[in-house]
8 protein chains.
Amino acid sequence: KRQGFPEIIYGEGKTVEQIISILEAIKAREEEVLITRVTEEAAVAIIKKHPEFTYSEISHLVYWKNQPITYDESKGYIAVICAGTSDLKVAEEAALTAEVLGCNVKRFYDVGVAGIHRLFDQLDAIQHATVSVVVAGMEGALPSVVGGLVSHPVIAVPTSIGYGANFHGLSALLTMLNSCASGISVVNIDNGFGGGYNAALIDRLASKG
Amino acid sequence: KRQGFPEIIYGEGKTVEQIISILEAIKAREEEVLITRVTEEAAVAIIKKHPEFTYSEISHLVYWKNQPITYDESKGYIAVICAGTSDLKVAEEAALTAEVLGCNVKRFYDVGVAGIHRLFDQLDAIQHATVSVVVAGMEGALPSVVGGLVSHPVIAVPTSIGYGANFHGLSALLTMLNSCASGISVVNIDNGFGGGYNAALIDRLASKG
Amino acid sequence: KRQGFPEIIYGEGKTVEQIISILEAIKAREEEVLITRVTEEAAVAIIKKHPEFTYSEISHLVYWKNQPITYDESKGYIAVICAGTSDLKVAEEAALTAEVLGCNVKRFYDVGVAGIHRLFDQLDAIQHATVSVVVAGMEGALPSVVGGLVSHPVIAVPTSIGYGANFHGLSALLTMLNSCASGISVVNIDNGFGGGYNAALIDRLASKG
Amino acid sequence: KRQGFPEIIYGEGKTVEQIISILEAIKAREEEVLITRVTEEAAVAIIKKHPEFTYSEISHLVYWKNQPITYDESKGYIAVICAGTSDLKVAEEAALTAEVLGCNVKRFYDVGVAGIHRLFDQLDAIQHATVSVVVAGMEGALPSVVGGLVSHPVIAVPTSIGYGANFHGLSALLTMLNSCASGISVVNIDNGFGGGYNAALIDRLASKG
Amino acid sequence: KRQGFPEIIYGEGKTVEQIISILEAIKAREEEVLITRVTEEAAVAIIKKHPEFTYSEISHLVYWKNQPITYDESKGYIAVICAGTSDLKVAEEAALTAEVLGCNVKRFYDVGVAGIHRLFDQLDAIQHATVSVVVAGMEGALPSVVGGLVSHPVIAVPTSIGYGANFHGLSALLTMLNSCASGISVVNIDNGFGGGYNAALIDRLASKG
Amino acid sequence: KRQGFPEIIYGEGKTVEQIISILEAIKAREEEVLITRVTEEAAVAIIKKHPEFTYSEISHLVYWKNQPITYDESKGYIAVICAGTSDLKVAEEAALTAEVLGCNVKRFYDVGVAGIHRLFDQLDAIQHATVSVVVAGMEGALPSVVGGLVSHPVIAVPTSIGYGANFHGLSALLTMLNSCASGISVVNIDNGFGGGYNAALIDRLASKG
Amino acid sequence: KRQGFPEIIYGEGKTVEQIISILEAIKAREEEVLITRVTEEAAVAIIKKHPEFTYSEISHLVYWKNQPITYDESKGYIAVICAGTSDLKVAEEAALTAEVLGCNVKRFYDVGVAGIHRLFDQLDAIQHATVSVVVAGMEGALPSVVGGLVSHPVIAVPTSIGYGANFHGLSALLTMLNSCASGISVVNIDNGFGGGYNAALIDRLASKG
Amino acid sequence: KRQGFPEIIYGEGKTVEQIISILEAIKAREEEVLITRVTEEAAVAIIKKHPEFTYSEISHLVYWKNQPITYDESKGYIAVICAGTSDLKVAEEAALTAEVLGCNVKRFYDVGVAGIHRLFDQLDAIQHATVSVVVAGMEGALPSVVGGLVSHPVIAVPTSIGYGANFHGLSALLTMLNSCASGISVVNIDNGFGGGYNAALIDRLASKG
Ligand SMILES: Nc1ncnc2c1ncn2[C@@H]1O[C@H](COP(=O)(O)O)[C@@H](O)[C@H]1O
Ligand SMILES: Nc1ncnc2c1ncn2[C@@H]1O[C@H](COP(=O)(O)O)[C@@H](O)[C@H]1O
Ligand SMILES: Nc1ncnc2c1ncn2[C@@H]1O[C@H](COP(=O)(O)O)[C@@H](O)[C@H]1O
Ligand SMILES: Nc1ncnc2c1ncn2[C@@H]1O[C@H](COP(=O)(O)O)[C@@H](O)[C@H]1O
Ligand SMILES: [Mg+2]
Ligand SMILES: [Mg+2]
Ligand SMILES: [Mg+2]
Ligand SMILES: [Mg+2]
Ligand SMILES: [Mg+2]
Ligand SMILES: [Mg+2]
Ligand SMILES: [Mg+2]
Ligand SMILES: [Mg+2]
């Protein structure tokens, strides 16, 4: 068990047999398992053999927890923020990862730079989070705007959404690395998992204090 | 005379002798001359020979106009917008270019993404411009934010300000090309001249209407 | 309604359900809707449900206007220019976007750098436009040539047409950003929509004056 | 005051006059000021006028605090980790930033991947930190190794140290973004300030809890 | 026969007919043949015509040896090292290439940077190899760690495993080229064949001595 | 003597002593010597020792020919073409190289894409050349335009003139490689020597026929 | 008719209808037509309608000539050179293009850098060509070697053959642009057509003389 | 003592004081010290304090050995190969590193691809080496040619020599990584030290056997 958190399996490029054999080894000693980047087809095969697992279609996560995901009002929460439909896949990977790791998550999914008033409508709730995960493709400007408005850490997740000179997410990645707002750190392109995991580590510190 | 505008000399990499010989040829047939990217040393030599020229130290422009730069209240204006000290050089190159070309310019020079409330304080004046030139380095997110708030064309000028993964302005350039706000077009890195020239072409159309 | 123009939906990567739900929300409050980058399959599904919409196969646009697209002789026009067959898809995305936004458009679609006399044959009509959208792939030299011949703003649209060292449109993009003709600004690779939208903003200014 | 922390001035590319005028404005309303990327020459001029400021030569930081930097045994600490002499400049920028922001810092400055036993000698002290800032140039592998050994968040700071195919820090940056250890997020190349700032935000959450 | 080793056919992009005609020419004069990057489909066709050949599915190698692959205890061995399932394909291409070339190989396939203790568990066996081939994707840090612990040559093989900012293996490649551990040289991305071939050349020197 | 042409010394990065020792060895057996990329300082030292050599300041060539450079009306000529002052250095390196190699050269040095009428004024003379060398920086569009107008081979030479997104000549290089005009081949950025040398090889073929 | 040569149609990305309509227009006024980058499927459709056309499967060329391709002993010849099977497609595009344009071609298709003796076996015949087209993928070193051995112009054609750090032909392209052998110019990646066309222009000059 | 070899100090970016303090610590426990990338100025200061050290001006190495560098006829040797003057600096760094590490070195320093006959003149001596270090800038083709002619391992060292599209050594680096000759592995650009160190490791294995 790395870091007091469930072990994570990187599902991409693994056969169903490989995934199942790894998850069975983990299940024997842990109370949670999280598998990322699972294809629909592999998910079906896994759940057929292990019906106690859940597949989240949008985020391509498969997980097993011995306790249901709930929202614990006595603790703080993570804000997961994105501009809309196009980045949902990655935002949900972040949000659900954090929930599987035991954190509260509030989702703000219609909060883009091009229509900035929607961000201000939600600002109070965002500012009260312990940490924000901000997901953005194309020009990736949202973390800079959020970072200038909140006083907690921001984990920025660039996505590959866009075309042409976005160069498969490079544009959003560079934007986020060069943000002139303080308090922003960045994970790999499309790495919603990394966004959620880092946020959960930080949120756990805030809860433990 | 290209385009009904004064002829422009690209000063970079030319000797003082080359610049002077070109400007004398132009002066013989035009009423304005604009020289860009002139070093301090070259500017001094030019003005020594041609004291009717003016050097703007911050923007590295040297120009001659047979009429003073004034603000004509009967016309619209161009908004030139940047976040502050670091981008002034390029913003002034845009603003002064547009003024030499005969346009009204309003400057908004403390209006960054990291302190977005200052942008909102000035929003009304920005929205009433005919066209905006938005200059930004580092992550280059400002044109996206402005573009979402105004309904006129935005010329985005990336600058090379920053370090590391800004890759000499590539970061801001890609951000601007991938903006999800509509109505933004982009010129070369540090090309304040291009920003001002394009804005002036558009502003002239708006005045002529 | 952003910018006094119909709202635009970015169709790429959205499911038919997502697109339809967004367009129904917009239709409830607007008089035009434009959806970009729609696959043939999605277009058919949209039109089945909403037969008042039109699909343009070549440009992958789906739109609804409560008035037909007409050419209004009392106003100026936008020139949309490209070299031929290969760039038609992007050129039509620009032209039709501008028409949906209410502008007159003249198309110049056989006007390449390699056979420059055809450009000169049409030069007069091009020079009388209020603004040009110049679409080019491969080496992307056409906007520079046009920009040197006209005195109105040029919106340059690089395309990904070509192979090898065009690096999916990077070649044409860099060409256009570095143009030594004044009055050129650039949008993203294959962003015909952006070319048409920017031109329409400028053309509207010219009409309003 | 952004984020309950002292305001930060980005010193690079600003004149001494510009820096002094900004810091005097801040001093009038804050109790701390931090200026980054200050040249030796500018630092001397600032301190001549404001002798209450301190210059750290190795980190190029200039700061003023109304209380001395001390180590508060009742709180947790940030681990700042690097391999040695070459990365000291960036590591100290991170460490001192965090100290100016009021955090405890422990420095681990001889802990590289090539001599991994020295890392293991210090592992216990590193594991007990609330958060680590790991600074590395060349191949940038150290954050991955540390990240696999600790269960707190790791802020990875790539440096431009190296030559040839390090491409001015790109190599270390990509390494860190692709780390297969969980719990790592990344800031810009040579951005020790960002590493220290993010760590301080997290450490403050851990203290407040 | 180049280099006293069997001739190698590069199978990628060749038709079955081309491969068979080349291998028949070689078989006529050599005692071994090795074909790399063979698709399943081509392998089946080759073996149908030449049943004395063997296809290794995971490594996409097809080979023929007039003697079985055995482990010769009287000689040294090559260590082939990787972190796990994802890099197996390339690691096996290296290992089997070296075996076809007549070398002893020991495989260490669960030895990643993120779980570094497993590397230390096997360290003694790794240190006694004549040469190591270290295969890694994503951040590619493993060769640096191994290189710091062994005193024999390390051939580093970057793989394209990963996503986003790994840029199809560029990340791991740059990491390995910039390693601060001495004694590491690098082959092309996914070039397990090259890793195995170079190791075999070195191992042969060690045996001949 | 390679290729029936004088031997060439690449002067860059060589000490004066190294250059002189190489040229003396060549002089002993050849009738011409050409040294490229010679600094002013090195040129002075060379000529002091070997006053029979000539230094061309603008092209940084040093050469010795036992016959003066003349224009032989009985043969064809090479056209060397560029847009103006900024590219002169490279254009002259091409032109003078070809002359040292014994060819006739006609220079067309005010013939840019932005003022295309000047190109048409000279078109007849350009079309009658045996081969053209077209030198261009910034967007590098000139070879495409020339290539579409002539029926002889065009050697395109990109220069590093420009800034920002020209990326030190990459922009012009890619433009030229992707030209849609047939009959264009390309040499390295700023390689005027290569342009002149290739043209001379072709011109010699045309003369010999 | 451009350049006294048949008109060329760039087939990629055009529909069969578009190609046929263009070729019919050309056929009406020319005696040869050449279409490049034609898919098998399109070729079949073209030939069904126009059985006087020929499809070369390996080079993806479709052409029509009113005279058969023959070898004219009274003229010189072009050498087309590559290392083997993998680059045949591009080499044949060059060779057949030159033949359609009326030139003699000799093919040297087993002449790689890795087995350099085969090059020397053919050296005499290569040296007697008027011009060489050298096609190479992977490291692209062959043009440098050939260029050092011949005294006629070399047109270098990089191919995208290879994997990993060849970056789709970038590796071979850069190699060829940086060749230290004189007399080499370069066309786009996989541009066999350009190689053949340039060679034909030069060969024609040599014949006319 | 790593790997039974003297400890190496990376001199670049270290102050004289830092270097001296490190070398004194090493000298206390080792019998050899090697410092790489030392500036002339630092070398003088080191030798003033430690006159038992030697500075090699061309390779920027400073070293101390308790035994003189000699050539031991009873052992094999390393071939260090390059094309000439421009690459000497890196080649000597490789050669002297290997000698300091106790190996025999034979230098072949006039053996380029452009004049390949000089390579064949020396081929026998090169083929009898245990391992070759091949240093090349510009197009970097030499290792491929050598690799095809020898049956021992080749360590390829790209250099940054060249200009334009060599992109500071990237061109030669990619060439070497993509070599189609087997038995080549690559180190960082300008990393002569790495070339010599790897060769020494291999040569030692060959001697021990
Ligand atoms: N083809 C396109 N290329 C670039 N931006 C677009 C395109 N189509 C729409 N957009 C922008 O995307 C916004 C809508 O995005 P969305 O909310 O995801 O539908 C619009 O307001 C436009 O600014
Ligand atoms: N060294 C640094 N690297 C990156 N960002 C910085 C640095 N120093 C200051 N900043 C950011 O720049 C902002 C101040 O910029 P400015 O207004 O130009 O002084 C601060 O709020 C920080 O977010
Ligand atoms: N997988 C591989 N990766 C890189 N080079 C290879 C590979 N397989 C074979 N080669 C090289 O390619 C040469 C044969 O190429 P070919 O003549 O095209 O079959 C061999 O001698 C090897 O040097
Ligand atoms: N300016 C130049 N650019 C590229 N290659 C050159 C240049 N000048 C000379 N060369 C080549 O470099 C070779 C001589 O290099 P070297 O042996 O280092 O003196 C000549 O034969 C030319 O092929
Ligand atoms: Mg903040
Ligand atoms: Mg807008
Ligand atoms: Mg114009
Ligand atoms: Mg961890
Ligand atoms: Mg080692
Ligand atoms: Mg032509
Ligand atoms: Mg030659
Ligand atoms: Mg070999």
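Before I start on the sheets, a working rule: I count two strands as paired if DSSP finds at least two bridges between them. I also remind myself that this is a predicted model.

**Entry 1: the sheet of chain A**

I looked up the strand order first. Chain A has an open sheet of four strands, ordered 1-2-4-3, and the pairing is mixed. At the edges I find strand 1 (7–10) and strand 3 (54–56) of chain A, each pairing on one side only. From one strand to the next, the twist averages 20°.

Next I checked how strand 1 of chain A meets strand 2 (residues 32–36) of chain A: they run parallel and are joined by four bridges. Which residue of strand 2 of chain A is the bridge partner of A:Ile8? I found A:Leu34 there.

Then I turned to the helices on this sheet. Helix 1 (residues 16–27) of chain A packs on the sheet and touches strand 1, strand 2 and strand 4 (61–65) of chain A. The direction of helix 1 makes about 155° with that of strand 2 of chain A. Helix 2 (residues 40–49) of chain A lies across strand 2, strand 3 and strand 4 of chain A, and runs at about 165° to strand 3 of chain A.

**Entry 2: the sheet of chain C**

**Entry 3: strand 4 of chain C, up close**

I kept meeting this strand, and I gave it a page of its own. Strand 2 (residues 32–36) and strand 4 (residues 61–65) of chain C pair in the antiparallel sense over four bridges. Within that pairing, C:Leu34 has C:Tyr63 as its bridge partner, and C:Glu32 stands opposite C:Lys65.

Strand 3 of chain C also pairs with strand 4 of chain C in the antiparallel sense, over three bridges. There, the bridge partner of C:Ser56 is C:Leu61. The hairpin of these two strands has four residues between them, and C:His60 takes a positive phi near 55°.

Is strand 4 of chain C enclosed or open? Five of its five residues are buried, so strand 4 of chain C is largely enclosed by the rest of the structure. Both of its faces are covered: C:Leu61, C:Tyr63 and C:Lys65 are buried on one side, and C:Val62 and C:Trp64 on the other.

**Entry 4: helix 8 and a stop in chain E**

I checked the length of helix 8 (residues 192–208) of chain H. At 1.5 Å a residue, its 17 residues should span 24 Å, and the end C-alpha atoms are 24 Å apart, which agrees. Of those 17 residues, 14 are buried, so helix 8 of chain H is largely enclosed by the rest of the structure.

In chain E, helix 3 (residues 88–100) and helix 8 (residues 192–208) pack at an angle of about 35°, with their axes 7 Å apart. Their crossing is right-handed. Among the residues making the contact are E:Val90 and E:Ala94 of helix 3 and E:Gly196 and E:Tyr197 of helix 8.

I also looked up E:His117, which sits in helix 4 (residues 116–121) of chain E. E:His117 counts as partly exposed, at 49% relative accessibility.

**Entry 5: how the chains relate**

Last, I compared copies. Chain A superposes on chain B (RMSD 0.0 Å) by a rotation of 180° with 0.0 Å of shift along the axis. In chain A, the C-alpha nearest that axis belongs to A:Ala141, 2.6 Å from it.

Chain C can be laid on chain B, again with an RMSD of 0.0 Å, by a turn of 180° and a shift of 0.0 Å along the axis. That is the relation of a two-fold axis.

Chain H does not touch chain A, and their nearest C-alpha atoms are 20 Å apart. No contact joins chain B and chain H either; their closest C-alpha atoms lie 15 Å apart.

Notes:
Residues are numbered from 1 along each chain as its sequence is written. Chains are lettered from A and ligands numbered from 1 in the order in which they are written. This is a predicted model: local features need pLDDT of at least 70, side-chain atom pairs count only at pLDDT 80 or more; totals for chains, interfaces and linings use all residues. Side-chain values use heavy atoms; hydrogens and water are left out. Contact means heavy atoms within 4.5 Å. The expected span of a helix is 1.5 Å times one less than its number of residues. Buried means under 20% relative accessible area, exposed over 50%, partly exposed in between (1.4 Å probe, protein chains only). Copies are superposed by least squares on the C-alpha atoms of residues with pLDDT of at least 70 in both. Axes are lines fitted to C-alpha atoms, for helices over the stretch in contact, and angles run from 0 to 180 degrees between N-to-C directions. A crossing is left-handed if the near helix is turned anticlockwise from the far one by less than a right angle, and right-handed if clockwise.
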